[in-house]
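Colleague: Please put the sequence and the model on the screen. I have a few questions to go through.

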Amino acid sequence: MDAEVPPAAAGGEADDRYLVPGLVRGLQALQAFTPERRRMTLVEIGAALGITRSAAYRLVYTLDQLGFLVHDPQTRTYALGPAVLRLGYGYIASRDLPEVAAPHLEALRDRTQWSAHLGVLEGRDVVYLMRMPTRRAVSSVVQVGSRLPAHATGMGRVLLAGLEDAAIEALYRDTRLESYSGRTPATLPALLKQARLDRASGTVTNVAGYEAGVTSIAAPIRDVSGRAVAAINISTVALLVTEAELRGPLAQEVTASAAAISRALGHAPAEAEPRPRKAGG
């Protein structure tokens, strides 16, 4: 006989009859710790949860014994323990990047009406892992598995900007940089200058840097450590979009989608990030 499935597990609203109060309170205690509030006393934990000191003590004692909290006897404070990290990495390891990114890329394509892509840096190339083609008659011709020069493409520039200057120098030392247009850096000093500008901007609008008539907007995907592990972009036909659209609503859509994918990978930025607007909004 099959076990009964609680309503919440089937995608419906949570039913309080199936909630375990002690487990709920324990998870709320872990969620009370934030980047701004990394350590708390027993009294502070109790106040955050709205429970008595004795109830808070039983709770944090259990979490401490299981490794979800660690106690510092000198400051008499608690902080998140290694068991929390193991859970987080277990969740992230269970989902691969394309799986996480797919619904966000599809929504980005639908909102902007332009092709959306996901790529990673491999050596001096950006490798395309996913493509959501536009439904317009004009579409990008890049395919999954394509390798394009990082220094000349939007996603590549975003990913290079995530590296330190020394890493870029090591990657391109004694390498001839092919110039695809007047906008493509042809020397290592020019590439480093471009990377610094891209790093400060956070996004890249690449106008005919690799292919004439094609403009792309790219933003980084960050993991739980804050490292740029991938990038997304939309590619447009330069004649069909204005400068105001590129640097305004389209750039905002790409940035918001990248932030949403990063959050799904466990990235928790200190500052608030934009969220994608709903389709038709």
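Colleague: Which way do α7 and α8 cross, left-handed or right-handed?

Modeller: α7 passes α8 in a right-handed crossing. A crossing is right-handed if the near helix is turned clockwise from the far one by less than a right angle, and left-handed if anticlockwise.

Colleague: And at what angle do they pack?

Modeller: Helix α7 (residues 165–172) and helix α8 (residues 188–201) pack at about 145 degrees, and their axes are 11 Å apart. Axes are lines fitted to C-alpha atoms, for helices over the stretch in contact, and angles run from 0 to 180 degrees between N-to-C directions.

Colleague: Which residues make the contact?

Modeller: D165, I168, E169 and Y172 of α7 meet L188, L191, L192, A195, R196 and R199 of α8. Contact means heavy atoms within 4.5 Å. The residues divide into 6 nonpolar, no polar and 4 charged. Here Ala, Val, Leu, Ile, Met, Phe, Trp, Tyr, Cys and Pro count as nonpolar, Asp, Glu, Lys and Arg as charged, and the others, Gly among them, as polar.

Colleague: Before going on, what kind of model is this?

Modeller: It is a predicted model, in which local features need pLDDT of at least 70 and side-chain atom pairs count only at pLDDT 80 or more, while totals for chains, interfaces and linings use all residues. Residues are numbered from 1 along each chain as its sequence is written, and side-chain values use heavy atoms, with hydrogens and water left out.

Colleague: How many helices and strands are there in the chain?

Modeller: The chain has 9 helices and 9 strands. Both are DSSP runs numbered from the N terminus: helices are H or I with at least four residues, strands are E with at least two. Buried residues make up 38% of the 281 residues. Buried means under 20% relative accessible area, exposed over 50%, and partly exposed in between (1.4 Å probe, protein chains only).

Colleague: Which strands form the open sheet of 6, and in what order?

Modeller: The order is β6-β5-β4-β9-β8-β7, with antiparallel pairing. Two strands pair if DSSP finds at least two bridges between them. β6 (147–149) and β7 (204–207) stand at the edges with a single partner strand each, so one side of each has no neighbour in the sheet. The twist averages 35 degrees from one strand to the next.

Colleague: Tell me about β9. How many bridges does it have with β8?

Modeller: β8 (residues 214–222) pairs with β9 over 9 bridges, in the antiparallel sense. One of the bridge partners is S235 of β9, for S216. The two strands form a hairpin with 5 residues between them, and G226 in the turn has a positive phi of about 90 degrees. Strand β4 (residues 115–122) also pairs antiparallel with β9, over 5 bridges. There, L118 is bridged to I232 and G119 to A231.

Colleague: Why is β9 called largely enclosed?

Modeller: Because 8 of its 10 residues are buried. Helix α6 (residues 154–161) is also largely enclosed by the rest of the structure, since 8 of its 8 residues are buried.

Colleague: Then α9. At roughly what angle does it cross α5?

Modeller: The axes of α5 (residues 97–112) and α9 (residues 243–264) come within 9 Å and cross at roughly 165 degrees. That makes α5 roughly antiparallel to α9. The cut-offs are under 35 degrees for roughly parallel, over 145 for roughly antiparallel, 65 to 115 for roughly perpendicular, and oblique for the rest. This crossing is right-handed. Residues in the contact include H104 and L108 of α5 and V254 and S257 of α9.

Colleague: New topic. Is M40 buried or exposed?

Modeller: M40 is buried, with a relative accessible area of 0%. It is found in strand β1, and its bridge partner in β3 is Y78. Leaving aside neighbours within four places in sequence, M40 is in contact with A32, F33, I45, T77 and Y78.

Colleague: What is the strand order in the sheet with β1?

Modeller: That open sheet of 3 strands runs β1-β3-β2, with antiparallel pairing.
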